[in-house]
Amino acid sequence: MKLKRVMAVCIAVLFINSAFLVLNERQKVQKAKPVKLFNGKDLTGWKINGTEKWYVEKGELICESGPDKAYGYLTTNKFYKNFDLSLKFKQDANGNSGVFFRSTVDGTKVAGWQVEVAPPNHDTGGVYESYGRGWLVQIPDEKEGFLKMGEWNTLRIRVMGDKVQTWLNGNAMVDFSDAKIGAADGSLALQIHDGGGIKVRWKDILVEEL
């Protein structure tokens, strides 16, 4: 009888542990589910910085130069330190823009890092540190042909600790580590470069926190 009781207790413990592990794995899967940062209707969850134009049209988020022809930023209200971000962009006219990460904006002065979105042969997918060290990684000539100007492009950015990776239309663009980036935290942001004549469309903005 004692042996049967011991076996029953062991089976019960194993069952409880198994149930806990299954529940824990389900929670991890649920936690890792990508979240839409743009709802396709308005700018809920975002903040406009500067006087340039940010608006929604036919389910697309559009940034466009205004009369001031100055820098403009659209920042997330929430900070994202470790994340896997994917989005689609389409460049109309001059497409000089970018996606900032672990960044803060004061007026239109940004502190942080930009994954470049630019016209052909201008380092789309590369990483630039604004008001700091400048280019950290530029794109070699053999990778410049991955950008499809005037068409929809898919950009993926993964930042974990001090490691940064980017992909353009499924092609690996940069992969490096940087201690300064590793120590930082901040918002995600879309940019309008100064100079005027810029118009970029964005959609399918998804982020998975890591």
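Predicted model: local features only at pLDDT ≥ 70, side-chain atom pairs only at ≥ 80, totals over all residues.
Visitor: How many salt bridges does the structure hold?

Guide: The structure holds 11 salt bridges. One of them joins the side chains of Arg201 and Glu60, at 3.0 Å from N to O.

Visitor: Which parts of the chain does that pair tie together?

Guide: Arg201 belongs to strand β15 (residues 198–209) and Glu60 to strand β4 (residues 60–64), so the pair ties together parts that are 141 residues apart in sequence.

Visitor: Are Arg201 and Glu60 buried or exposed?

Guide: Arg201 is buried, and Glu60 is buried as well.

Visitor: What does Arg201 meet in the salt bridge of 2.7 Å?

Guide: There the side chain of Arg201 meets that of Asp92, with 2.7 Å from N to O. This pair links distant parts of the chain, with Arg201 in strand β15 and Asp92 in strand β6, 109 residues apart. Both Arg201 and Asp92 are buried.

Visitor: Which residues are linked with Arg201 in a network?

Guide: Glu57, Glu60 and Asp92 are linked with Arg201 in a network of salt bridges.

Visitor: And what does Lys88 form with Asp204?

Guide: Lys88 and Asp204 form a salt bridge, and their closest N and O atoms are 3.5 Å apart. Lys88 lies in strand β6 (residues 83–93) and Asp204 in strand β15, so this pair ties together parts that are 116 residues apart in sequence. Lys88 counts as partly exposed, at 31% relative accessibility, and Asp204 also counts as partly exposed, at 40%.

Visitor: Turning to Glu144, where does it lie?

Guide: Glu144 lies in the loop between β10 (134–137) and β11 (152–160). Glu144 is buried yet has no salt bridge, and the nearest side chain of opposite charge, that of Lys143, is 11 Å away.

Visitor: What does the side chain of Glu144 reach, then?

Guide: The side chain of Glu144 reaches the backbone nitrogen of Asp123 at 3.1 Å. Leaving aside residues up to four places away in sequence, Glu144 touches Asn121, His122, Asp123 and Ile139.

Visitor: Now the rings: how many aromatic pairs are there?

Guide: The count comes to six aromatic pairs. Among them is the stacked pair of Tyr71 and Tyr73, 6.4 Å centre to centre with 10° between the planes. Tyr71 counts as partly exposed, at 25% relative accessibility, whereas Tyr73 is buried, with a relative accessible area of 2%. Tyr71 and Tyr73 form one aromatic cluster with Phe100.

Visitor: Which ring does the charged end of Lys203 sit over?

Guide: The charged end of Lys203 sits over the ring of Trp152, 4.3 Å from its centre. The charged end of Lys109 sits over the ring of Tyr131, 5.2 Å from the centre of that ring.

Technical notes:
Residues numbered from 1 in each chain as written. Heavy atoms only, no water. Phe/Tyr/Trp six-rings, centres within 6.5 Å; stacked < 30°, edge-to-face > 60°. Buried < 20%, exposed > 50% of the residue type's maximum accessible area, 1.4 Å probe, protein only. Lys NZ or Arg CZ within 6 Å of the ring centre and 35° of its normal. Helix = DSSP H or I, 4+ residues; strand = E, 2+ residues; numbered from the N terminus. Lys, Arg positive; Asp, Glu negative; His and termini not counted. Salt bridge = Lys/Arg side-chain N within 4 Å of Asp/Glu carboxyl O. Polar contact = N/O pair within 3.5 Å; in protein donor to acceptor, adjacent residues only side chain to side chain. Contact = heavy atoms within 4.5 Å.
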